[in-house]
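Keep the sequence and the 3D view side by side.

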Amino acid sequence: SLSAGSLKEKELYQSQLASAMKKQQAIDARLSQIREGREKLEATYKTIGAGTDAGQAVRKMYEWLLSHRNLKTGLVASYEGDSRLDDWAFTYDQALVCQTFLAFRDRAHAAEILEFFSSRAPAENGAFFNAYDTVDGTPKENVVRAGPNIWLGIAALQYEHQTKDGRFLPLARRIGEWVLSQQDTEGGVKGGPSVMWYSTEHNLDAYAFYAMLYRETRDKQFAEARDASLKWIKKYAYSLKERRMNRGKGDSTIATDTFSWAVAAMGPGTLKEIQFDPEEIMSFAEKNTRVTVSFVQPNGKAAKATGFDFARSQNLGRGGVISTEWTAQVVVTYQILSRWFEISGEADRAALYREKANFYLNELQKLIITSPSRTGQGRGCLPYASTDDVDTGHGWRTPQGKRTGSVAGTAYGIFAWIGYNPFDLDNQPRIPL
């Protein structure tokens, strides 16, 4: 009886040992993947010139942005390489550049941009146009949209939060009150004064902007607007059936930025509170807009990269195209999810999203180009997309030119490298020395 019992106990221990060894092998494999991801991430910083380190690579991109400033207006040309867009400074891009400067503690150049809009930029009923001339500051595109105005307001609030000098708080408030004039009784913000459509992207922006405005001003009208905005987002911005974001009110088109910005603008916790699953949102984006493309590097070598398209490429009949800006947005979102799960004590999930962020950051660095202009002086930047002059699926085309540097792509690429969320006032970006 004792012998039989010992044999049974031995078999049980052997089974448990085999199971433990199998789990250990799986853990070892996962650690190897994470280690490989980290090594790839470290390699990303060595793409702009042999021997450069992380700080030098990111700073070269920052310097590329600086090199395109107009000394008279302080505005930064949005593109380099597409002659049709020479001297165009899109308002949204200026908001991104301003925050890039702030992340590097370059408050003087950030202030120049905000000063232009505060005191010099032509406006329409208190709202700014989509684009201005970098040289003389006149409007280049006489269209007013909610999104670019909100982003400019966010940049002004980031400046105020960092400096506490009150200099551009009136600008942020002015924009906030204009956005309130575009908000309907359901809490939705229209695309602009001349249209009747509602964009999910704009309303995610508005929710975050109102929350930031209330925090900086303690004005209750912005808290009420924030709460109304949240109700609109819950009602119109999410498809409960497919567990994913809509492009707008009554518009189920897939737009990749609405997925990443939902997490970045609202935070995983708030999404959970309104029964939006942040993991399912990003899983849908990955399944439907992730693409792998072939392209020719500046050195003439063929290469492949994986990133995120502007939309579901199968629906456009043009093949996959990587948006550098929207891929960088996904990286920032995965960084947010990783930190959230880490704080929640879920180490495995935190590691998963950290690994995803590192993977796509590594892929993004493959698309870095060297500025061909005398102004750029060989500094690195990111193009707007992996393919020029193609339909994004959202009413505009990518710029022309095989080596057209993009402010939006480069600025958001920097955000991804330094871990900066533009919707978060408490950012602590990791600026490499």
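This is a predicted model: local features need pLDDT of at least 70, side-chain atom pairs count only at pLDDT 80 or more; totals for chains, interfaces and linings use all residues.

Residues are numbered from 1 along each chain as its sequence is written, and side-chain values use heavy atoms, with hydrogens and water left out.

Start with the rings. Rings of Phe, Tyr and Trp (its six-membered ring) pair if their centres lie within 6.5 Å; planes under 30 degrees apart count as stacked, over 60 as edge-to-face and the rest as tilted. The count comes to 31 aromatic pairs. Take Tyr79 and Tyr384: their ring centres are 6.0 Å apart and their planes stand at 75°, so this pair is edge-to-face. Tyr79 lies in strand 1 (residues 79–80), while Tyr384 is in the loop between strand 12 (380–381) and strand 13 (405–406), so the pair ties together parts 305 residues apart in sequence. Helices (H or I, at least four residues) and strands (E, at least two) are DSSP runs, numbered from the N terminus. Tyr79 and Tyr384 are both buried, meaning under 20% relative accessible area; exposed is over 50%, and partly exposed is in between (1.4 Å probe, protein chains only).

Tyr159 and Phe168 make another edge-to-face pair, at 5.1 Å centre to centre and 75° between the planes. Both Tyr159 and Phe168 are buried. Ring pairs also build a cluster from Tyr79, Trp88, Phe90, Phe310, Trp326, Tyr384 and Trp396.

Charges meet rings too. A charge sits over a ring if NZ of Lys or CZ of Arg is within 6 Å of the ring centre and within 35 degrees of the ring normal. Arg218 places its charged end over the ring of Tyr214, 4.3 Å from the centre.

Three strands form an open, antiparallel sheet in the order 2-5-6; strands pair if DSSP finds at least two bridges between them. Strand 2 (88–90) and strand 6 (139–141) are the edges, each with a single partner strand, so one side of each has no neighbour in the sheet. Three bridges join strand 2 to strand 5 (residues 131–133). Ala89 stands opposite Tyr132 in strand 5.

Finish at Ser118, in helix 4 (residues 107–120). Ser118 has 33% relative accessibility, so it counts as partly exposed. Beyond residues up to four places away in sequence, Ser118 touches Phe168, Leu171 and Arg174, where contact means heavy atoms within 4.5 Å. Ser118 and Arg174 are 56 residues apart in sequence, yet 9.6 Å apart in space, C-alpha to C-alpha.
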